[in-house]
Amino acid sequence: MENPSSSVTPTPRGSGPYIPASTILPEITVKAIVLGVVLSVILSAANAYLGLLVGMTVSASIPAAVISMAVLRLFRQSNILENNIVQTSASAGESLAAGAIFTMPALIMMQIWGRFDYVETAIVTGLGGVIGVMFTIPLRRAMIVENPLQFPEGVATAEVLKVGQGGGSGIGQIISGGIIGAIFKLGDTGFRLWTGSVEYARYVGNTIAYIGTNVSPALVGVGYIVGLNIAVVLFLGSAINWFIVIPYLVATGAGPVAGSAVEVAGTLWSTQTRYLGVGAMLVGGLWALIRLSKSLVEGIRSSVRAYRSARGGDAVDRTDRDTPIQWVGIGLIVSAIPLFYVFHHFIDNAAIAAVMAGLMLVAGFLFSAVAAYMAGLVGSSNNPISGITISTILVSSLLLLLMMGSGNAQGAAAAIFIGAVVCCAAAIGGDNMQDLKAGYLLGATPYKQQIMQMIGVVAAALAMAPILNLLLDGYGFGPQTADRPNALQAPQATLMASVAQGVFFGGLPWDMVIAGMVIAVVVIIIDVILEKRGSAWKFPVLAFAVGIYLPLELMTPILLGGLIAWIAGRAYGKVQDQADGELEAPLTDARTTGERNGLLFAAGLITGEALLGIALAIPIAATENPDVLRLVETPVRTIGLILLAIVMFGLYRVASKPGRDLR
């Protein structure tokens, strides 16, 4: 039987959707649903591991699209819109993982839960994600059609699907990167042939000098994807903490008096200086709301105009049919009811549970819209979900403090629950708009994409608790200890717990928080000046805040990955301008295939390391022995560094070498 895609004449570039509105192709099919659900679960697991490890997640839309093309090509009938539906569902899973791991592990750290409760985790994350989809449905016309934003991942995904339609797939680059990433994780965490990080510090006079790097191809891949600008900003934030603030505290006698230089620096970071990032994120979240207020109001007005037009009986093309607005309203009400009962079950106070549900809906709408707009500007990988969630938790904690009083552990946990719903909604909101942008360029049917978003959300939500419990048992969360040498630091969740507990119990180093707020104001001023001068480089405050909060060892390989992206672009006499996020320019014919292959290879490094990390958690959890696969007694630090250098060179070669297609 003839492949449907072979009988379609695509619209010429720049003249409209790739597939005209008059052409009807199968989109939601059985094989698309099955593949979308499977990829949603797999990519959610991979992003959960990455987010708990480094506090950052990356968009999986392009890897999902490439995998979809490779699998669906095995069937006699498939088409580009079906591939787009698969990546729409799959990318929902990786986005939901961000919402979950940024917040839910805080309940473990606060000792509210011993393990992740399956039902409550599934309800909070699942309904939070569904709410995020519904909140952004009315904004599609304003942000994509009438006043189109860039949505870099959406544009890139559409272009990759078009290239795949022509013959290439790029699956080989993802597989190659995945194998390398998996081997690295096995050699480090499994066989212990080398150490996962290399740190060096010494006392210099009355202060400390420190340098460190993580030996992780996945983090190099993250740096390549986000680009040099974001990588530099992240590193600068961390450098201020570790090269200036920590040495200053040691010199003034504010640090511990005993221990090695590495131990003293680590203690100061964990107990004091990382809260600079807390203050910076608070200001960054508020700044995002202020900047987006005008666009948010215009988006609501545009949605109302579109709804009135549809009610007036105007004909609507297939490519412009959203989920009916009345169903969106009904869905929001239906979603709020089970969340109210979850809150009531936990807090045992109907009035407070009702306030929580109402606050969740208001904050969910505001921040889903903010996340959607920010995704249009800087991409999903650089979306300031952390700042959004911190703002939510801080406001929720202060409101609950007035209702419940200080010293209330339930109040702090209740704020985390609200933050979890809002975080999932915001993460999905930004991802949903990226997918709808890709669909708009390809000629997909919007309401079908919105249905598949919800299917992907539900699939990932049902798998989230087992994934998190496996990682908890295998590695543990929080600072690394002798019993938990490979603990996942879960930086965002630790931050959320600190803010919520700090409001109810005190103990936050408010001097550091206030200093971080001042630093954020300075960064915002710098960014505004750069913007007014028309600079291609940006100085996003939330990326800077994340850099302050995270260890320097994690930022070093990210910086190296960003440098590789820049150098590879220079190899062809053009800088790969990623200042505003991942692939901020469309993947047009003028952009080299090497850049595409570099992106896919980097995505493979991330996915391979993450999936092998999850697989290793099984024997570790089963034996309760983190060294169950150890082959050598004393790991060799230099081996990992040498191998990482080889991988970095390989990434450069892949990214700088031209090719005819994505095979």
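Author: Let's start with helices: a helix here is a DSSP run of H or I with at least four residues, a strand is a run of E with at least two, and both are numbered from the N terminus. This is a predicted model, where local features need pLDDT of at least 70 and side-chain atom pairs count only at pLDDT 80 or more, while totals for chains, interfaces and linings use all residues. Residues are numbered from 1 along each chain as its sequence is written, and side-chain values use heavy atoms, with hydrogens and water left out.

Reader: Okay, which helix does Glu82 lie in, and is Glu82 buried or exposed?

Author: Buried means under 20% relative accessible area, exposed means over 50%, and partly exposed is in between (1.4 Å probe, protein chains only). Glu82 lies in helix α3 (residues 80-101), and Glu82 is buried because its relative accessible area is 1%.

Reader: What does Glu82 touch?

Author: Contact means heavy atoms within 4.5 Å. Leaving aside residues up to four places away in sequence, Glu82 touches Pro26, Glu27, Thr29, Lys31, Ala32, Leu72 and Gln77.

Reader: Lys31 is on that list. Which ring does Lys31 lie over?

Author: A charge sits over a ring if NZ of Lys or CZ of Arg is within 6 Å of the ring centre and within 35 degrees of the ring normal. Lys31 lies over the face of Phe75, 5.6 Å from the ring centre. You'll also find the charged end of Arg274 over the ring of Trp269, at 5.7 Å from its centre.

Reader: How many aromatic pairs does a search of the whole structure find?

Author: Rings of Phe, Tyr and Trp (its six-membered ring) pair if their centres lie within 6.5 Å; planes under 30 degrees apart count as stacked, over 60 as edge-to-face and the rest as tilted. The search of the whole structure finds 11. Take Trp113 and Phe116: their ring centres are 6.3 Å apart and their planes at 80°, so that pair is edge-to-face. Trp113 is buried at 11% relative accessibility, and Phe116 is buried at 4%. Now look at Phe649 and Tyr652: with centres 6.4 Å apart and planes at 40°, the pair is tilted.

Reader: Where do Phe649 and Tyr652 sit along their helix?

Author: They are 3 residues apart in helix α22 (residues 637-656), so about one helical turn separates them. Phe649 is exposed, at 52% relative accessible area, while Tyr652 is partly exposed at 25%.

Reader: Which residues do ring pairs link into a cluster?

Author: Trp113, Phe116, Phe417 and Phe477 are linked that way.
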